[in-house]
Amino acid sequence: MSTCDRPGAGAILPSRWRGKADAGAAPLLAALLARTLPGMQALDLGLPVPRLFPWLPGTLCGLADPAALPAGERTLLGRFRQRGGTRPLFGFDPAADAALQAGAPSVWGEAAERLVFLPAAALAAGFAGSGPPEPLFLVPGEAGELPDAERGRIILLLGSTAQVDRYDLLVPPDRTATLFEALRMAGGALAEAAGGRWQVGGRMISPRMASLAVLAEASAGFAPPLSIPAETLVHDLPVQSAEGRLATGPAARLRLLLGALPPREWRLRISLCTDTLGLAAPVLFLEGMRHPARIRPGSEGLTWLEAVIRPAGGHALVLGLAMPPEAGPGGLALTGIELLP
Amino acid sequence: MSGPRHPLTVFTPLPPERNGIADYAATLLRGLAAHYDCAAACKDWLAGAPEGVPVLDPALAHRRIGTGGRVLHQLGNNPGHGFVLRALRLSPGVTTLHDPGLLHLHETAGESRETILAGMMRAAPARLAETYARHLRRHGISTCANHLLFDLAGEVLARSRAVVVHSRFAAGRLRAMHGAEATAHVVVIPHLLPPLSVPARGEARARLGIPQDAFLVCTAGFATRAKRLDWVIEALDLACAEGAAPLWIHAGAERAEEFPLSARIAERPALRGRARVAGWLTEAALTDHIAACDVLVNLRFPSSGESSGSLARAFAAAVCCIVSDTGAYAELPRGAVLHLPLAGAVPELARMLVALAADPARRAAVGEAGRRYALAEMALPTVAARYREVIEGSLSRPVASPPAGPPPLLRLEAGPGLGCGAVEAALRGIVGPCRLLLAVPDLAALADLTLDQPGLVTALLPPRARLVRAKVLAEPERTGVLLDLDLGWAG
């Protein structure tokens, strides 16, 4: 049974305040936005600590300034392709990036709404004039003001009463009230659906500013299961996912970019097509190191490679699969990944 | 060891990869594990590292290393080391240069021609390098001589906190090619003695089907041209003629494209039934061959300062060794091995083999002296402790970084008098991306110039410069052809 209070945000500021958000509240943020903005396409430029990817299905990801990364991390991220293997991460291909920034329909599709997560508000300048529809910008708390633009600001305080992350949703001024109300409704519905005790509340501070808190009273916060189908896996193979499968072909190794997960214990499940398994199962690597995993029969036609992981946070998690020589030359096919709390 | 155990990340091939450096690294890691929390970053994530040493995906190794972490690279001159070369650009540390030549590695590991050309320009007298570089750029010609003339170690020297080689010869060769300043951080650590459990000679012979009373000569490793197996064949032929009746096994794989070993053996009737090529061997099988033999012949000519794992194995087994009196082998103590002079090598080798076949005591004495030398100089704890000294002592040494920031813009007045010498002089000392404006008074002058000298730009550029883009500008003070160039980066 959930309880939904509706105080002003200022009334429920917690003792442990994190002005600069990490990925702890990312699942809640993604779920809230998905309920509020159906049909939205998101671009997350938060790497190496993305907030919407992979929690918001179909989110494109990348970073605004790869040159600022250490060379090793830049080289690593430059390997990956998203949308099933069709696009480099944002920041690694100037032509593809320009199309995204210009709002090209070929990239954004027929999205009813475009949302861009930026680690700093100043980066929004790169997306100026890329509408319609004019994009919404999401920034971590205290990430500054948008340059040369009048924006409404909806402050989102998310997480648990033990640990709060702040995000600011920067919206066209005339949409501030409407979007705030939609977010508040979505927060309440989300709390009801999740169960347990919640504090949900907020208010319009001015016509262009509102605040909303959605906080679980359980210290573990909101951690729903996550399912990533093959089509949206971000991987480093020179192949594309097709017909619900990512086939590795003759490659002996595969890396998957998982994003930044809230630091807690997760059960990882990789679904493998049983008919592509050779005489030996693939070996799981986590952050480049061999990680204990077990093989077990899955649902029809699938075999599950399962492991318990405890991500440390601070950077985007990378999974690896290595095929032993006995596995045969044909390679594997994956249908997706699940993360179960 | 007291005090904190720092993490050490070692980029290296490992077994089951079939190369001697993989075996060396696996052994060395056992020794280094006494000093550090080691992890081995290997392209083959499933490779075999010693117990307690995890294998790490090299693409993620930087996350373990962090800033200024301890790093060791094991670099050899074959494509299996391409990932090590790329890693030392991202995570500098101490580099063991097993073979000072690196041209084969660059050619086979996907390095750009500009990087190779830039390396060539640094590694030899300018005129020589320029000639060979032009042959390579214009005609794609790369001869065997290139591998001796150009070592391409300049980048490794510049990007490493210290460079380890296994012989004074190798260190001296680097110094001669790259100068004293660039090689001030080169140190010599002898090859290591593998901690082998060597079977008894009789036991090994029984396993291999070698008669106990036969006089067995072995050679080992990839049958490259420089191992002078042609000399060995001739010498054995002569020895047979003198009644020595030796058996010969080449304990290694044939590289027919480099030296057609089996075919050459077949041309010698005297060796029929006496010689065979074992092919690539597991570590245990190689040890059996070394333990079973009476003499290991390990020749090199020409030598670029390589070291030999099979020689170390023979020392461990107290087997009598014959080596070329050149390169790193010339540094081995007289008495611990038998040195074969380069002049008159074939008859001298035949004479040595005939004499050794008749003198088991002499063989045993040389083998024992070799073992004692190796125990004193090449024991794993000694070598590992030396590595630790080098790693710790070089932590604060700065390394060269690739150029950062926007590419420099140079301007040269273009006209009939502009030649490639002036362009080369202007680009000297610049690496990486660069922009060069060939300025003219107006577009009409540019048209005249290019009509008079077709192919002007190509003719002006030095071999190491790759033309990325050319753009005609007609701006005040900036009229001419703006060239975006890549000048490679070789340290």
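Modeller: What follows is a close look at that sheet, its helices and then its surroundings.

This is a predicted model: local features need pLDDT of at least 70, side-chain atom pairs count only at pLDDT 80 or more, and totals for chains, interfaces and linings use all residues. Residues are numbered from 1 along each chain as its sequence is written, and chains are lettered from A and ligands numbered from 1 in the order in which they are written.

Start with the sheet. Two strands pair if DSSP finds at least two bridges between them. Helices (H or I, at least four residues) and strands (E, at least two) are DSSP runs, numbered from the N terminus.

Now look at one pair. Strand 8 (residues 215–220) and strand 9 (residues 246–251) of chain B run parallel and are joined by six bridges. Cys218(B) stands opposite Ile249(B) in strand 9 of chain B.

Axes are lines fitted to C-alpha atoms, for helices over the stretch in contact, and angles run from 0 to 180 degrees between N-to-C directions.

Take helix 11 (residues 229–241) of chain B and helix 15 (residues 345–357) of chain B. Their axes come within 8 Å and cross at roughly 50°. The two are therefore oblique to each other; angles under 35 degrees count as roughly parallel, over 145 as roughly antiparallel, 65 to 115 as roughly perpendicular and the rest as oblique. Helix 11 of chain B passes helix 15 of chain B in a right-handed crossing. A crossing is left-handed if the near helix is turned anticlockwise from the far one by less than a right angle, and right-handed if clockwise. Residues that meet include Trp231(B) and Leu238(B) in helix 11 and Leu349(B) and Leu353(B) in helix 15 of chain B. Contact requires C-beta atoms, placed from the backbone, to lie within 7 Å. By class, this contact has 11 nonpolar, no polar and one charged residues. Ala, Val, Leu, Ile, Met, Phe, Trp, Tyr, Cys and Pro count as nonpolar, Asp, Glu, Lys and Arg as charged, and the others, Gly among them, as polar.

Next comes helix 13 (residues 283–292) of chain B. Its axis and that of helix 10 (residues 201–208) of chain B come within 8 Å and cross at roughly 120°. That makes helix 10 of chain B oblique to helix 13 of chain B. Helix 10 passes helix 13 of chain B in a left-handed crossing. Among the contact residues are Arg201(B) and Arg205(B) of helix 10 and Asp288(B) and His289(B) of helix 13 of chain B. This contact has four nonpolar, one polar and four charged residues.

Note on methods. Two residues are in contact if their C-beta atoms, placed from the backbone, lie within 7 Å.
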